[in-house]
Amino acid sequence: MRVSGRSGGARRLFALGLGLAFGACTAEAQIERRISTRVTAVSGDAIFVDGGRESRFEPGDRVIVRPPSGSPVVGRLTVVSRTSSRAELPAGGPRIDIGVEVEVLVPASRFEVPGETPPPKPSDAPEHPPWEAPLPNVDEGLPLLAPVQRVRREERPTRWSGRAFSRIDASWSNGESYTLAEAGLEARVENPFQAGGLLRFRGLVNVAPVPIFSAGGSNDSESDARIERFSYRSNDAAEEPLRWEVGRFLLSELPELGLLDGGVLELELGGGQEIGIGGGALPNPFDYDFTAEDPALFVYHGMRFGELEEFRFTWAYQKTWHEGEADRDLLLGVLDWRITDAWSLHGSVWVDYYGSDADFKSSGFELTEAQLSTSYRFDADTGVGAGYSSIRWPELQRQEFRGVPTTLLEDGHLQRIYASAYRNFGEHVRLDGRIDHWDDTDETGTGGDLRLALRELFWTSGEVSATVFHTEGVNTEGNGVRFRAQKSWGDFAIFGGYEISKQQFETSLGDDDDALLHALNADLTWYLSRDLDLTLRMDRRFGDDQDAWSLGFYTQLRF
């Protein structure tokens, strides 16, 4: 759902950001811890990270992805399991590779250990004699304390939670200036109609990333508003085995199927089994417009086994149409398995079926995408991980990818394999590393990094790190070193980094061109209150044939 038009949207969004930042709020400041982790899988504009409820992650936590090159990308956790989490990143952003460093910002209050109840003070009152009076209408074979009764839906209060946020990013490079301004609202209403359901909403107003001050003097922008989520979900399975959800939503059991304008009906079968059926229309993948051109139907079956649901597997079949013609037949499976307390496995697979009418694919089944990652902890201080991913481009009448050449549809593929390890030496020193190898239709490459991090060694509530890295991309190869430091004190947290690398580029004539590149970045977060924070960001890139600036402003108000 989208409304667009040319306007002075950037100025209004900036005013909204200032209003959020300096609005009246007097609660105690809420400091956040930055938990470092890695990307384990990628699906469109979503990533999966290592860590979940056991790491104190919760839906809504802010995620900062720091790719080796380019500016940090800020997202939000949307689905959290015991050991893995899914985060949504801004649409149309740079592709994030498996193994990239991620920081999850978790409120420090979640790590606080509740204090023990103090012992009762001595009392001079005499000890009460045993109760001797008979209790009428009491069965002597039953306990005196009755089981706890679940509060009925109509008796539970309605609870509101969510956040309002805004951000402005501007960049200058080669005589061109660009801006992206955005403000949004996320809201979650529990038991809104006294029926035990859940109402969720996420909406955005933004100014599209187009030039605002170009060398030719252009000063224009395109603003739009869109609804990314607006749905109502009925009561949970603990109350009734049958539940449903309608509106614009991601399927709770299989968010990999993407956004749907429609509904789903789910039935809990018992014994960890669950089935669901749903359908509707797929929104426009680029601007979230509602469209009836792409109807879809799906069914799924989920299985959960173990006392703590250590094994979860869900498979689904999705059928789509485009402008009245059959389009996609997709089989999807997702596995999340905590094999032991130390060993976990996550995987997903997309398989497309093509008929004889396909233009670029052979008839039959084709593995479109596969993701597999595993991690193992030898002890509290040592662990390893490994992963594999494979991607092919599906042939669709619905355009989910812009500008895909026919050669990629016919035989294009991208495969990546990686391995990682970490070791903590006491409380203050951590060494971790990663190596990966990729190959596509025409090229191959190998990269890796080795990082030494010193935690709370030079100062409390902070960390400094140094990383050496090697990268190989299409027509590029380079080596470099990266330094980063972060520190929290009082109501503030600061991050800074510097990177220098020697890159070799292959020109269009087949020659090699060397360049010495520098990157300097920093961000400052000010926690104005428990629910309100403001972040300022700067990114500077300079060196041979490179001169670019980027500034950012982000604020959010939780309620």
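Here are some questions and answers on strand pairing, salt bridges and aromatic contacts in this predicted model.

Q: Which strand pairs with S29 over twelve bridges?
A: Strand S29 covers residues 546-558 and is joined to S8, residues 159-173, by eleven antiparallel bridges. Its pairing over twelve bridges is also antiparallel, and the partner there spans residues 532-543. That partner is S28.

Q: Which residue in the turn between S28 and S29 has a positive phi?
A: These two strands form a hairpin with two residues between them. Gly-543 stands opposite Gln-546 in S29. In the turn, the residue with a positive phi, about 55 degrees, is Asp-545.

Q: How many residues apart are Asp-432 and Arg-38?
A: The count of salt bridges comes to 44, and one of them joins Asp-432 to Arg-38, with the closest N and O atoms 3.4 Å apart. This pair links distant parts of the chain, since Asp-432 lies in strand S22 (residues 429-440) and Arg-38 in strand S2 (residues 32-43). The separation is 394 residues.

Q: Is Asp-432 buried or exposed?
A: The cut-off for buried is a relative accessible area under 20%. Asp-432 has a value of 5%, so Asp-432 counts as buried.

Q: Why does the salt bridge of Glu-245 with Arg-229 tie together separate parts of the sequence?
A: The closest N and O atoms of Glu-245 and Arg-229 are 3.4 Å apart. Glu-245 lies in strand S12 (residues 242-250) and Arg-229 in strand S11 (residues 223-233), so the bridge ties together parts that are 16 residues apart in sequence. Glu-245 is buried at 1% relative accessible area, and Arg-229 is buried at 17%. The two strands tied together are S12 and S11.

Q: What is the relative accessibility of Asp-352?
A: Asp-352 forms a salt bridge with Arg-328, whose closest N and O atoms are 2.6 Å apart. Arg-328 is in strand S17 (residues 325-338) and Asp-352 in strand S18 (residues 343-354), so the contact ties together parts 24 residues apart in sequence. Arg-328 is buried at 12%. Asp-352 also counts as buried, with a relative accessibility of 1%.

Q: Is the pair of Phe-305 and Phe-311 stacked or edge-to-face?
A: A search of the whole structure finds nine aromatic pairs, one of them formed by Phe-305 and Phe-311 at 6.1 Å centre to centre. Planes under 30 degrees apart count as stacked, and here the angle is 25 degrees. Phe-305 is partly exposed at 36%, as is Phe-311 at 24%. The pair is stacked.

Q: Which residue lies over the face of Trp-321?
A: A charge counts as over a ring when, among other conditions, it is within 6 Å of the ring centre. Arg-423 lies over Phe-425 at 5.6 Å. For Trp-321 the distance is 5.8 Å, and the residue is Lys-319.

Notes
Residues are numbered from 1 along each chain as its sequence is written. This is a predicted model: local features need pLDDT of at least 70, side-chain atom pairs count only at pLDDT 80 or more; totals for chains, interfaces and linings use all residues. Side-chain values use heavy atoms; hydrogens and water are left out. Rings of Phe, Tyr and Trp (its six-membered ring) pair if their centres lie within 6.5 Å; planes under 30 degrees apart count as stacked, over 60 as edge-to-face and the rest as tilted. Buried means under 20% relative accessible area, exposed over 50%, partly exposed in between (1.4 Å probe, protein chains only). A charge sits over a ring if NZ of Lys or CZ of Arg is within 6 Å of the ring centre and within 35 degrees of the ring normal. Two strands pair if DSSP finds at least two bridges between them. Helices (H or I, at least four residues) and strands (E, at least two) are DSSP runs, numbered from the N terminus. A salt bridge is a side-chain nitrogen of Lys or Arg within 4 Å of a carboxyl oxygen of Asp or Glu.
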